[in-house]
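Biologist: I'd like to learn how to read a fold like this one. Could you walk me through it, feature by feature?

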Amino acid sequence: MPKYIAKRVFMALLTVLVVACITFFLMHAIPGNPWLSEKTPAPSVIEALNKKYGLDQPLPVQLVKYLGNMLRGDFGASIKMSKNRAVASIIAEKFPVSAKIGAISILWSVIVAVPLGCLSAYKRSTWVDSTLRVVCTIGISMPGFVVATILLLTLAGEGRPFPTMWNVNDVTWRSYVLPCLALGFYPMCYLARQTRTAMLDAINQEYIKTARSKGLKTGKIIFKHALRNALIPVITYLGPQIAFTLCGGFVVEKVFSIPGLGRYFVDSIQARDYPVIMGTTIFLATFIVVMNLIVDLLYKVVDPRINLEKGGN
């Protein structure tokens with residue numbers, strides 16, 4: 001196990017490094033620069049600003065300098081959104097907002113999806129199964145902004161129980177309901193479908209048939225024996241999904257005007273704030289890599305027969 005973890009940590013560092021390099025060159029390949037706006041400065045001013053922030057140097061030189069600072073924990077400072085403010089400080093302020101909404105969204109989606117998937121598998125080919133499959137298919141097909149818009153039109157506004165926008169001065173439990181529903185609806189539908197498929201495969205295994213022949217109750221067979229093996233594909237999906245959700249539902253945060261990391265990241269791309277774009281992307285990539293490592297370790301907990309040293313990659 002220690003050898004496997006060391007190998008995965010090394011691969012994680014290499015992955016983050018590759019992501020940083022690709023993001024850097026793609027970011028600079030986009031037309032425009034941070035100084036373009038409705039009142040574009042004179043060319044001499046743009047040249048002075050580029051020199052001040054090191055943007056006049058060749059891209060390979062900028063990349064090497066950035067990676068060197070990154071290895072020391074310095075992600076630079078914002079050059080447009082929050083001028084001269086450290087990117088690490090911005091992430092530390094914005095991430096908790098996104099993480100809280102994301103955690104609630106993932107929690108309710110898992111709590112609802114797994115039992116629904118089990119129920120759908122147990123009631124396969126019945127109206128219950130058909131209804132759940134239709135709902136889940138619709139949920140997977142609808143973009144997040146459509147779900148958010150429908151929730152706003154039906155449940156938010158004057159005379160309705162929930163606010164339309166996020167009020168930083170008056171955050172209550174009502175403020176979290178619609179964003180968390182919108183952000184967690186897609187994972188819930190996807191997880192329910194995955195759970196159903198995995199459960200259908202599990203309940204047709206020989207050990208389940210043996211358990212039935214021994215007279216075990218259906219509930220015990222499903223939740224103690226079949227579900228344990230059916231959780232492996234569910235856990236696989238949850239790894240990166242948790243990372244994306246905790247770091248912010250970009251569209252959902254934009255729709256509800258939530259001052260989280262996702263919304264700030266979208267705004268930084270529009271503003272060409274290079275240090276914020278780089279820092280947020282690297283933070284998200286690191287989070288995803290860490291979650292994938294945790295998922296691999298959870299495989300061993302769910303199914304002790306899995307040999308990580310042989311099968312892990």
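Biologist: Let's start with a helix pair: at roughly what angle do the axes of helix α4 and helix α11 cross?

Modeller: Keep in mind that this is a predicted model. The axes of α4 (residues 87–122) and α11 (residues 261–271) cross at roughly 130° and come within 7 Å of each other. Angles over 145 degrees would count as roughly antiparallel, and 65 to 115 as roughly perpendicular. The pair is therefore oblique.

Biologist: Which residues of α4 and α11 meet?

Modeller: On the α4 side you have I90, I91, K94, F95 and S98, and they meet L261, G262 and Y264 of α11. Sorted by class, that contact has five nonpolar residues, two polar ones and one charged one.

Biologist: Which residues in α11 are buried?

Modeller: Buried means under 20% relative accessible area. In α11 that goes for L261, G262, Y264, F265, D267, S268 and A271. Keep following the chain: just after α11, R272 takes a positive phi of about 55°.

Biologist: And at the other helix, what lies in the loop between α4 and α5?

Modeller: K123 lies there, with α5 spanning 127–141. Its relative accessible area is 35%, so K123 counts as partly exposed. If you leave aside neighbours within four places in sequence, K123 is in contact with V128 and D129.

Biologist: Now the cysteines: how many disulfides does the structure hold?

Modeller: For a disulfide, look for two cysteine sulfur atoms within 2.5 Å. The structure holds zero of them. Take C189: the nearest cysteine sulfur belongs to C136 and is 4.7 Å away, and C189 is in no disulfide.

Biologist: Is C189 buried or exposed?

Modeller: C189 is buried, with a relative accessible area of 0%. C118 counts as buried too, because its relative accessibility is 3%.

Biologist: Zooming out, how many helices and strands are there in the protein chain?

Modeller: The chain has 13 helices and zero strands. Read from the N terminus, its elements go α-α-α-α-α-α-α-α-α-α-α-α-α.

Biologist: What share of the contacts comes from residues 24 or more positions apart?

Modeller: Counting contacts with a separation of 6 or more, such residues account for 73% in the protein chain.

Biologist: Last one: how much of the chain is buried, and what is its accessible surface?

Modeller: Of its 313 residues, 41% count as buried. The accessible surface comes to about 16,900 Å², and carbon and sulfur atoms hold 66% of that.

Methods. Residues numbered from 1 in each chain as written. Predicted model: local features only at pLDDT ≥ 70, side-chain atom pairs only at ≥ 80, totals over all residues. Heavy atoms only, no water. Axes fitted to C-alpha atoms, helices over the stretch in contact; angles between N-to-C directions. Helix = DSSP H or I, 4+ residues; strand = E, 2+ residues; numbered from the N terminus. Parallel < 35°, antiparallel > 145°, perpendicular 65-115°, else oblique. Contact = heavy atoms within 4.5 Å. Nonpolar A, V, L, I, M, F, W, Y, C, P; charged D, E, K, R; others polar. Buried < 20%, exposed > 50% of the residue type's maximum accessible area, 1.4 Å probe, protein only. Areas by Shrake-Rupley, 256 points an atom, 1.4 Å probe, with all protein chains shown as cover.
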